[in-house]
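My entries follow in the order in which I checked things.

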Amino acid sequence: AGWQVAQALRAQGCTAPVTLVSACAGDVYDKPMLSVAVARGLAVDGLVRETATDAAARLGVRMLADTHAVAIDAAARRLRTTRGTLRYSALVLAQGAQPVLPAPFQPGQVWQVNDLAAYRRLRTQLDGAPRRLAIVGAGLVGCELANDLALAGQVVTLLDLQPQPLAAALPAIAGQRLLAAWAGLPIRFVGGVRVAALQRVAAPGAGTRPAPWQLSLVAAGDGGAAHAPVIADEVVVATGLRTPGRLAASAGLAFDAAAGGIVVDGATGATSVAGIHALGDCAVVDGRASRFIEPIARQAAAIAAHLTGRPAPAAADGAPPLLRVKTSALPITLQAHGTGAGSWSLDEDSADALRLQQRDAAGTLLATLVARRPAAPV
């Protein structure tokens, strides 16, 4: 999101000095590729499209890599970082969101894949013989990682509170179709459960490898009856994202605690404090966090136009986001056309494709879903 804003500013003729502050190396890569790299035959080192140094030179911006933003003095228009204090006339927050780590997990016990560095470490750990993986959370990231790592030969158990994968985003029939598409992959889905405890178990003859983990499971519903435990060599947690509120609080920005992000105007990306904008995973519009890649370019263009005084393009949230589930066994596309409650109807239900439409009581089209089996086996 930060690079997109720099790109949009330069594309709109802005010649003002631009500084990009990044807590990581800042290299340019496509984040969605982290969960589909194996299926697409991409080596980890090949995921970087442009180094931060090259991108900064191309756009004529100052790059502060491996630098943390500490606090914002909105009145004085100053940003305090671990490499000194920066003055600004306009500040854009593209800080993203961090993975949620629910109980009973502790930092250092499990993997959370939300950036290239974490993904690189996981792939390095999994090099060699196939391992048993438990992935907690069968949302978009969890399902894509399960699909991708299974293709690499890992044996995956996918766990979720809901009775089927992708339950929060897709109708039940789509989740069922995905489970059927996974029949040829080493993926076992266990739904309707939560992890009550995580502990190492003895592993006689395991040599120098750490003992495997035992995930104690209970039913997700009332009562929490015990469920058969899962044994795994590695545990990946993919249970959602949330933006840390520290920077927003330091500047007095309106923050939506329920959605986990900074409140912004959908048309301009402006926050509640003059001179500060936000976009991407950290932004919330009308109580909704839109943590998808597709809207970011539109949001960046809207912010750049607002900062340069140019005519506003289409509103940053002017079009509902397009959701692509990049599970290669069954790619799924969900396009929203409107908002509100509605019911789903089947347009096509064949061995090769599933097509659905969602309409409200007045017959207005709200969403379309397409799931098509790939022509070649995966």
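This is a predicted model: local features need pLDDT of at least 70, side-chain atom pairs count only at pLDDT 80 or more; totals for chains, interfaces and linings use all residues.

Residues are numbered from 1 along each chain as its sequence is written, and side-chain values use heavy atoms, with hydrogens and water left out.

Entry on salt bridges. I took a salt bridge to be a side-chain nitrogen of Lys or Arg within 4 Å of a carboxyl oxygen of Asp or Glu, and by this rule I found twelve. One of them joins Arg-58 to Glu-50, with N to O at 2.9 Å; here Glu-50 is buried at 18% relative accessible area, whereas Arg-58, at 49%, counts as partly exposed. I also looked up Arg-355 and Glu-348, whose closest N and O atoms are 3.1 Å apart, and I found Arg-355 partly exposed at 31% and Glu-348 partly exposed at 27%.

Entry on a network. Salt bridges that share partners join Arg-131, Arg-132, Asp-233 and Glu-234 into one network. Within it I checked the pair Arg-131 and Glu-234, which meet at 3.6 Å, N to O. Arg-131 lies in the loop between helix H3 (116-126) and strand E10 (132-136), and Glu-234 lies in strand E16 (residues 234-237), so this pair ties together parts that are 103 residues apart in sequence. Helices (H or I, at least four residues) and strands (E, at least two) are DSSP runs, numbered from the N terminus. I found Arg-131 buried, at 7%, and Glu-234 buried as well, at 8%.

Entry on Arg-123. Which side chain of opposite charge is nearest to Arg-123? I found that it is Asp-127, 5.3 Å away, and that Arg-123 is buried yet has no salt bridge; for charge, Lys and Arg count as positive and Asp and Glu as negative, with His and the chain ends not counted. Arg-123 is found in helix H3, and its side chain makes a polar contact with the side chain of Tyr-119 at 2.5 Å. A polar contact is a pair of N or O atoms within 3.5 Å; within protein, one must be able to donate a hydrogen and the other to accept it, and residues adjacent in sequence count only if both atoms are side-chain atoms.

Notes
Buried means under 20% relative accessible area, exposed over 50%, partly exposed in between (1.4 Å probe, protein chains only).
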